[in-house]
Amino acid sequence: KAEWLLRNYADDLLISLQGFNSVSEKRLTRSATDFKQKINNIVRLNSRIARVRLGTIISQTLINNFSKYFYLIKSLRIKNWGLFRPMSGIKSEEFNVTPADLKKLMREIEAKKRQGHDIMIANALPFCITTDRALSHHVLSGAEFDDGHSRLVVDVQGFLKPSYFISENLGLTIKKAWERPFMKKIHSSDYLPKKCQSCRSLRWCKGGSRHWAKIAHNDYFS
């Protein structure tokens, strides 16, 4: 029944894949889901739905085993693989990802993309993380889809908010939400430093993640 619903009503499916085998998947997700069954479901749905994407949160396991993840996903014939910067702020060794870790991963991604594979870091990360701006543009999606720049999220309680991680109650209608002072400030980018304002990458970077600004400095507009 679930497959029938997906085949008839879904045209774009994002599936979480956190490990490259059953041991790593269980350790990273703490889930009892059977990994082999999950892989079988991915293969099955990929042949029945127009677009199936896989999403993986960046972890030390991913960084240290990137090739193993890549060859698994390649074997599944999945064309779109999104990697996500950890957004929780939890002080966990597994998800304590440093700028050096991210730059290492970016170079790994670039090498695979040059072979024709669609892999991106799919959420907000400052493009100036590296001095190689071409690398940033090649492997970072930027913040366009985060923090309310181009879309809003409906919370489980029914109100609109800027993103999954920013629980700013914007009300119940899209028009009113879009006109809130919080959203107008997000869209203006006036809060960013002058160096950001004059940067050619600002159109995509948007100054990085407002959620991480809040974690680091207790201010969404820091």
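The model is predicted, so local features need pLDDT of at least 70 and side-chain atom pairs count only at pLDDT 80 or more, whereas totals for chains, interfaces and linings use all residues. Residues are numbered from 1 along each chain as its sequence is written, and side-chain values use heavy atoms, without hydrogens and water.

**Aromatic pairs**

- Rings of Phe, Tyr and Trp (its six-membered ring) pair if their centres lie within 6.5 Å; planes under 30 degrees apart count as stacked, over 60 as edge-to-face and the rest as tilted.
- By this rule there are eight aromatic pairs.
- W4 and Y9 form an edge-to-face pair, because their ring centres are 6.2 Å apart and their planes stand at 75°.
- Y191 and F221 are also edge-to-face, with centres 4.9 Å apart and planes at 70°.
- Both Y191 and F221 are buried (under 20% relative accessible area, with a 1.4 Å probe and protein chains only).
- F20, F66, Y69 and W81 are linked into a cluster by ring pairs.

**Charges over rings**

- A charge sits over a ring if NZ of Lys or CZ of Arg is within 6 Å of the ring centre and within 35 degrees of the ring normal.
- K185 lies over the face of F221, 4.4 Å from the ring centre.
- The charged end of K214 sits over the ring of Y220, at 5.1 Å from its centre.

Terms used. Buried means under 20% relative accessible area, exposed over 50%, partly exposed in between (1.4 Å probe, protein chains only).
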